[in-house]
Amino acid sequence: MSTIESRPPLPPFTRETAIQKVRLAEDGWNSRSPEKVALAYTPDSYWRNRAEFVTGREQIVQFLDRKWKKELDYRLIKELWAVEGNRIAVRYAYEWHDDSGNWFRTFGNENWEFDENGLMQRRYACLNDMPIQAADRKFHWPLGRRPIDHPGLSDLGL
């Protein structure tokens with residue numbers, strides 16, 4: 001007997017369930033656990049991230065492992081942009097520093113497509129890095145999940 005993986009909330013998404021899905025994705029990425037994050041995607045999930053193309057969970061884990069070895073003290077905020085049916089569009093920003101202590105804020109947009117079980121089957125990401133001074137950082141919570149009372153992107157003017 002096979003077990004069907006499911007990641008509620010499930011499509012078709014309402015504005016409210018899409019906001020929940022976005023926050024769950026943010027929480028997963030803020031865990032910085034490649035294996036945990038990969039489980040939110042279909043086994044054959046397809047990504048375009050900048051100029052890199054990733055297919056399947058194994059490649060997702062490898063991609064995220066490389067990412068978080070480079071992007072240190074990573075903190076992310078995602079915000080719903082649009083939703084229709086099984087598709088969600090988000091905008092996001094994250095702050096990180098390299099191994100020389102140079103800080104960056106990365107801005108991006110993602111388009112997501114989900115299967116009927118709520119697993120993401122397509123992820124298209126466009127993003128840009130902007131150098132910032134440590135004093136200009138806006139994401140100051142302890143590593144891990146963003147606290148409920150921490151401002152979101154719109155509240156921060158981003």
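How exposed is glutamate 5, in terms of relative accessible area? In this predicted model, glutamate 5 is partly exposed, at 34%. Its salt-bridge partner is arginine 57. The closest N and O atoms of the two residues are 2.7 Å apart. Arginine 57 counts as buried, because its relative accessibility is 18% and the cut-off for buried is under 20%. Arginine 57 belongs to helix α3 (residues 56–70), whereas glutamate 5 sits in the segment before α1 (15–31). The pair therefore ties together parts 52 residues apart in sequence.

The search of the whole structure returned 15 salt bridges. One of them joins arginine 146 to glutamate 26, with 2.6 Å between the closest N and O atoms. Arginine 146 lies in the segment after β6 (120–132), and glutamate 26 in helix α1. This pair links distant parts of the chain, 120 residues apart. Both arginine 146 and glutamate 26 are buried.

Aspartate 27 and arginine 145 also meet through their side chains in a salt bridge, at 2.8 Å from N to O. Aspartate 27 is in helix α1 and arginine 145 in the segment after β6, so the contact ties together parts 118 residues apart in sequence. Aspartate 27 counts as buried, at 14% relative accessibility. Arginine 145 counts as partly exposed, at 43%.

These contacts do not stand alone. Glu26, Asp27, Arg145 and Arg146 are linked, together with Arg23, in a network of salt bridges.

Methods. Residues numbered from 1 in each chain as written. Predicted model: local features only at pLDDT ≥ 70, side-chain atom pairs only at ≥ 80, totals over all residues. Heavy atoms only, no water. Salt bridge = Lys/Arg side-chain N within 4 Å of Asp/Glu carboxyl O. Helix = DSSP H or I, 4+ residues; strand = E, 2+ residues; numbered from the N terminus. Buried < 20%, exposed > 50% of the residue type's maximum accessible area, 1.4 Å probe, protein only.
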